[in-house]
Structure formats: C-alpha cells, structure tokens
Amino acid sequence: MGGDSPAPPAGEESELVRQRRDKLARLRERGQDPFAITRYVRTHLAGEIHDGFDTLEGLVVRVAGRLMARRQHGKATFADLRDGSGTIQLLFRVNQLGEERYEALGELDDGDLVGAEGEVLRTRTGEVTVGVSSYTLLAKALRPPPEKWHGLRDIEVRYRQRYLDLIASEDSRRVFIVRSTVVKALRSFLDERGFLEVETPMMQAIPGGALARPFVTHHNALDIDLYLRIAPELYLKRLVVGGVERVYEIGRVFRNEGISTRHNPEFTMLEAYQAYGDYRDMMELMEGMVERAAAEALGTTGIEWEGQEITLAPPWRRVPLLESIEEETGVAPSRLASEESARAVCAELGLPAGAELALSTMVNNLFERFVQPKLIQPTFVTDYPTAISPLAKAHADNSRLAQRFEPFIGGLELGNAFSELNDPQEQRKRFEQQAISRARGDMEAHPMDEDYVRALEYGMPPTGGLGLGVERLVMLLAGAPSIRDVILFPQMRPEAR
C-alpha cells in the first residue's frame, strides 16, 4: 500500500500545513474564496476520456478532481487529475493560459480539488492529456495528500483515516468496488429466484439466531433493555411461518466479541430462507451465489488466495465433520462419541482436555486445529453436533448430529446453514438446554424466546436456511488478508490524545 519513504516528521508536516493556510489567506485577501463554489459542471470522467480518446481527440471537455503530482518543464506544467474513475494528465501552458493565470498555479497544491477545461490531445510521449485553457480551484486542501509521502505505511492510520487510504491507494479503492459488486450480485441472484428482500429489527428484546454475546442498550421511553441483533434469523423464520416462502435480508449484525483479522464486532450478514427445502438445497444456493459473485466482481470463478489457486465453480466437496477430523488426525469418529474418550484424544493431540469442556467444544477444537486450515478448495463440512446447533433439525437416524453445514474456502469459514428445526416442542427443549448453559455462565448460549416457539406452533413448513458472511466472501475475492481491509470504517480503539 505504500513505498519505502517514511512519513514527514511532525514538525515538517506542521510547516506544510502552515504554508497551505498562508496560501488560503492570500487567496481570501484577494477576494477569492476557494470554498464558495457550489457546483462545477464536468462533461467527462478521466476513464471516459481514456476509453473514448479516438472520438474525443480535439474536442473540448471539462473535468474535475484532485490535483496530484505536478511536474514543471519550462513554460509548461503537467499534473495528474484524479477522479472516481481514474487519472487524467493535465497540461498547463503559459501561451494558453496567459502569464497571470499560469503564475497563479503557484497557489495550488497537491490534493487541491480543481476543475479544468481544455482540448483532448495526446502528448509526444503518447500520454492522453487535457490541454487546459481554463481552470478553477474548487476546494483547498489544507493538509498534503499521502502520495506526497509515497503512501500510507501505518496500518492503523489506513483503517482509522480511511479517507487517506482511499486517496493514497488504488488497490484500496478496488477492494471496495469489489465489495459493492459482490453485494449487488448476491442480491440479484436471490431476486431472480423469487426471494423477497426484507428488513427486520436491529434492536431486539431477545437476542437470538446465533451463539454470540450481544451488545446491550436501553430504551428510555419504554424503560427496557434492548440488544443489537446478533442475527436476523428468528424474525426471518417468523416470516416463513406467515407465508413468505422465500425471504432474505442483507444487513448489519453486531457481536460483542474480540477483534482480529477475521472478526469485527459489526459486520454484514446475508441470511436467506426457502420453504419446502433443506440444507442440501442451501448447498446449491450457496454454490450459485458465490459463483455469481465471483463472476460479476472478477470476471472469473478462479481466484488466488495466499498463493494457492482456487476454483469456485460447483459442485463443491462435501465431508461430514467427524470424517474430516479422521482424515487429518486418524482419530475414528467412535472415539469422539463420549466426553471421556474425546478428552483422551485431545490430551494425546496437545489440546485442552479439562473436565469443564463439553464434547461439542472438544470436537470443534479438534476441527479448528487440524482440519480448517487445510480446507483451501470450496468444501461443505456437514453434520455438526446438535448440542451446538440449537436451531437445526437433527438427522432422523442420529439425533446427536444436525442437518447443518458450514462452507469453507481458503481456510475461511464463510457462513452457516441447516435444515431449520420446525418442531415447536423440540425447539422449546433446545432453548431450555441453552438456558441451563446460560445459567452456568455461558453468555453466548441462546436465550428462551417464547414468541418464536409460539410462531412455530402455528406451523412452519420444512425450510432450509443459510447465513453468509459478506466480508469473508469479499476478503477471498479481493485477496484481502484482513477483514479490516474490506470494511470502510472498522472498529478501532479510541485514538490516543
């Protein structure tokens, strides 16, 4: 994201700011306010001029953007003008502008917002250029842009001052264009298949739909605590009960958890539910959505992730959870059937094996340690323990395992899906089991939701549901190593004062 040159010393930066403020003061003394202009009509973007040069050559255009990288050659000055579509070279010549306007270029600085009018031409070196006949200062930049110092090297500054990152880095801008394209592709894929997009509450009286710790707030008028949603799941399934047979939502969810390269407490989730389907239908839906997103954002379904080639085209591999552990460790599924034998396995393999650990926790630890990092090609890991799947339907021939899968690509878990539990009595029993866990101190356990059970008592058809972490998918497609790279304004510690 940046070069090898360091940022300027604090004193030097302050001097640069002072010089720019002095220029602003001189402009205002002459009756020129660079912030007074409210509108500038431009006829073309930089990218349009490059793409349409053959038809635009010799024509007069009006462009506007941020002035960058000026270079003076005698009585001519070249500069780059950057807008949202790219960069176009400007050529200022004294014989075109006149002495006064040409000398006034000295009041401009890199980073200033400028409008320019002139003829489209190609220089002797072949560079597509606008030969400026007039220009207007649209806004004065009182701080130098990062390009002056060869980009942003401080990763904290990149995330905390995203506006500087976007000015400095074309790659950062590319990542967020990929993100926008991915969201559009997911939405259009579901719309084409008859899914209805809805919005459900972000503040909920009961935080449900996932095993996670919520953020709590307080509603003064009602004098009640409310929770920022950890998932929209239970509201979306209420809609399925009400007859909305294909429904989805793309929106923010909030989980009061740690921050890492793969976790941010606020992130975007896509959840979709299809009546009369099951988790196998959700596998096909997931494959199709990811394939469409890659094709739309990248023009291909082949990507490179951390030096490895990955193909996203379906069908994806499917492997049961316990079998995946056996493949990597040699531990037979039968040895993970009880807490006692699983504890012995964990001790043998150097993992925590304390008496306080539940069987499901030990199985999950084994999976995350030995299996997940090796799931590079798209893989559906299926048949998770029912104990950690309180909203999923169990297999008819093995009630200990749920009809659930998680998709993995490049070692990243992208989401979660299952055949939805629609038996209200079994759902109540699962909630009660979760309540016991909460009473023992597990604040991520699912709370009892009486209204959701009541909704199920009116009858919910067999239903498949899935959740997809949008940021995780964008990380893969954009080649971004951290979730912070694909969230415009990630959560940060307060800036030191």
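Let's start with A313, which is partly exposed, with a relative accessible area of 27% (buried means under 20%, exposed over 50% and partly exposed in between, using a 1.4 Å probe and protein chains only). This is a predicted model, where local features need pLDDT of at least 70, side-chain atom pairs count only at pLDDT 80 or more, and totals for chains, interfaces and linings use all residues. Residues are numbered from 1 along each chain as its sequence is written, and side-chain values use heavy atoms, leaving out hydrogens and water.

You'll find A313 in the loop between strands β13 (308-311) and β14 (317-320) (helices are DSSP runs of H or I with at least four residues, strands are runs of E with at least two, and numbering goes from the N terminus). Setting aside residues up to four places away in sequence, A313 touches E291 and T301 (contact means heavy atoms within 4.5 Å).

## The nonpolar cores

The largest nonpolar core has 47 residues (a set of buried Ala, Val, Leu, Ile, Met, Phe, Trp, Tyr and Cys residues joined through side-chain atoms within 4.5 Å). Helix α10 (279-298) is among the elements that each supply at least two residues, and α10 gives the largest share, nine residues.

M289 is one of the residues with the most contacts inside this core. Beyond its neighbours within four places in sequence, M289 is in contact with L186, F189, L190, L270, L466 and L468. A second, separate core of 26 residues includes I49, V61, V63 and V114.

## Helix α16

Helix α16 (residues 470-478) is mostly covered, with nine of its nine residues buried. After α16 comes G479, with a positive phi near 70°.
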